[in-house]
Amino acid sequence: METVTGTSAPPPVPYIADPYPTLARIRANGPVSILHSDEGLPMWVIARYQDVRAALADPRFGQDSRRAQALADNRVAGVTLGGDIVHMLNSDPPDHTRLRRHVQGAFTARRVAAMRPLVERITTSLLDGLAGRTTVDLVQDFAFPLPMLVICELLGFPAEERNVYRSWSTAILTHDDDPTAFATALREMTDYIAVQLRIRQTRPGDDLLTELLAARDAGQLTDDEIIGMVFLLLIGGHETTVNLLGTATLALMRNPDQHRWLLANQPALPEAIDEFLRYESPVAMATLRFTTTPVAVDDVVIPAGELVLVSLGGANRDPDRFPDADRLILNRHDTGHLAFGHGLHRCLGALLGKLEGEVALGALLRRYPRLALAAEVRQLRWRDTIMLRGLESLPVSLHG
């Protein structure tokens, strides 16, 4: 069984720029590999499609963050797996079931469809703001503000503070790089959410935060649970779409045949979004799991009490599931990717993320069909974390 080193510190730049050769090696190595952090903390890695899909739906893989941290503490001192904030992604039933029930109504197919006009208005406004410019940073000027403005509208948060939210999100999601910045961002963000709760108590609105406060007043949620829920929605509500829009646009510019095909077949954009999600999974690694009992993955048994990483990016590039998996094929006609996870913890905002991707990318291509990369690929900066697959910036030349 292969041992891969170096996860607590940021992975090497070559992996960040292109993780897929390493993931292919992990898949070829066997059903699981063991990866060690720089502090020596072992984590089991699952990267084959069938094994990843099974693990995501297997209740023997727990996600309770407090139990996971205790397991880490028993092995290596000083390793921080995350904060103390409890939310849906790091809790198990029955808490997970109860927490999810209070927000899932905001993300039904009907509620998401009703948000299309809002997404279209924001998209048009952002594209209008690019008028007259020849070169822009598509991430900072378009891909980031769009989903952030949508989630601010949903929560009733001040949109003008979106850059602060983004800075907190970055510090929290790349905490291995700067633990002090992580702790500061976590404290500032939770304090900010608590203030917003107090404001909404005196000034209710037509938003999700007001609905959550009503659930608290009915004895169904605590303030800490609402803070954890808003924390997750504020970060998760924009990160996936930011990464999707950036990597999808880059993929089109690097695959001109697929760019031409999509321009000629724009009604196929909803299906193409699924291929973009498969090709570059915005969330590359699922939330950390641990085995509550021994679990057999193919012919390997992971003992109880082991930390486990489940690679969504590895699964979605598995050639045993997706022929020609390393090629972008927009008319693949296969929507079985795992970019939004699978099972109990499947991404609650999947429909909203796909809607945002469809509306934004479609409008961008209609406005600028000859969009071109304004930097060399090797100069592009990627998010410095193994958990996400996204660009820090994407310089593009605008051509009508």
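This is a predicted model: local features need pLDDT of at least 70, side-chain atom pairs count only at pLDDT 80 or more; totals for chains, interfaces and linings use all residues.
Contact is taken here to mean heavy atoms within 4.5 Å of each other. Helix H9, comprising residues 145-155, packs with helix H13, comprising residues 223-254, and the two axes lie 8 Å apart at an angle of about 150°. Because angles over 145 degrees count as roughly antiparallel, H9 is therefore roughly antiparallel to H13. The crossing of H9 past H13 is right-handed. On the H9 side, the residues that meet H13 are Pro147, Met148, Ile151 and Leu155. Their counterparts in H13 are Val230, Leu233, Leu234, Gly237, His238, Thr241 and Val242. Sorted by class, the contact between H9 and H13 consists of 8 nonpolar and 3 polar residues, with no charged residue taking part.

Two polar contacts were computed for the side chain of Glu280. One, of 2.6 Å, links it to the side chain of Tyr20, and the other, of 2.8 Å, links it to the side chain of Arg389. When neighbours within four places in sequence are set aside, the residues in contact with Glu280 are Tyr20, Thr247, Arg317, Trp382 and Arg389.

Ser65 has a relative accessible area of 18% and is buried, whereas Arg67, at 44% relative accessibility, counts as partly exposed. Apart from neighbours within four places in sequence, Ser65 is in contact with Ile85 and Asn90. With the corresponding neighbours left aside, Arg67 is in contact with Phe290 and Thr292. Arg67 was also compared with Gly305 in sequence and in space: the two residues are separated by 238 residues in sequence, while their C-alpha atoms are 9.3 Å apart.

Backbone geometry was considered last. Most residues other than glycine have a negative phi, and most peptide bonds are trans. Against this background, the peptide bond from Pro93 to Pro94 is cis, with an omega near 5°. Pro94 itself is found in the loop between H4 and helix H5 (95-101). Two residues other than glycine were found to have a positive phi, namely Asp298, at about 60°, and His333, near 60°. Asp298 lies in the loop between strand S7 (295-297) and strand S8 (300-302). His333 is placed in the loop between helix H16 (312-316) and helix H17 (350-367). With a relative accessibility of 62%, His333 counts as exposed.

Definitions and conventions. Residues are numbered from 1 along each chain as its sequence is written. Side-chain values use heavy atoms; hydrogens and water are left out. A polar contact is a pair of N or O atoms within 3.5 Å; within protein, one must be able to donate a hydrogen and the other to accept it, and residues adjacent in sequence count only if both atoms are side-chain atoms. Axes are lines fitted to C-alpha atoms, for helices over the stretch in contact, and angles run from 0 to 180 degrees between N-to-C directions. Helices (H or I, at least four residues) and strands (E, at least two) are DSSP runs, numbered from the N terminus. Angles under 35 degrees count as roughly parallel, over 145 as roughly antiparallel, 65 to 115 as roughly perpendicular and the rest as oblique. A crossing is left-handed if the near helix is turned anticlockwise from the far one by less than a right angle, and right-handed if clockwise. Ala, Val, Leu, Ile, Met, Phe, Trp, Tyr, Cys and Pro count as nonpolar, Asp, Glu, Lys and Arg as charged, and the others, Gly among them, as polar. Buried means under 20% relative accessible area, exposed over 50%, partly exposed in between (1.4 Å probe, protein chains only).
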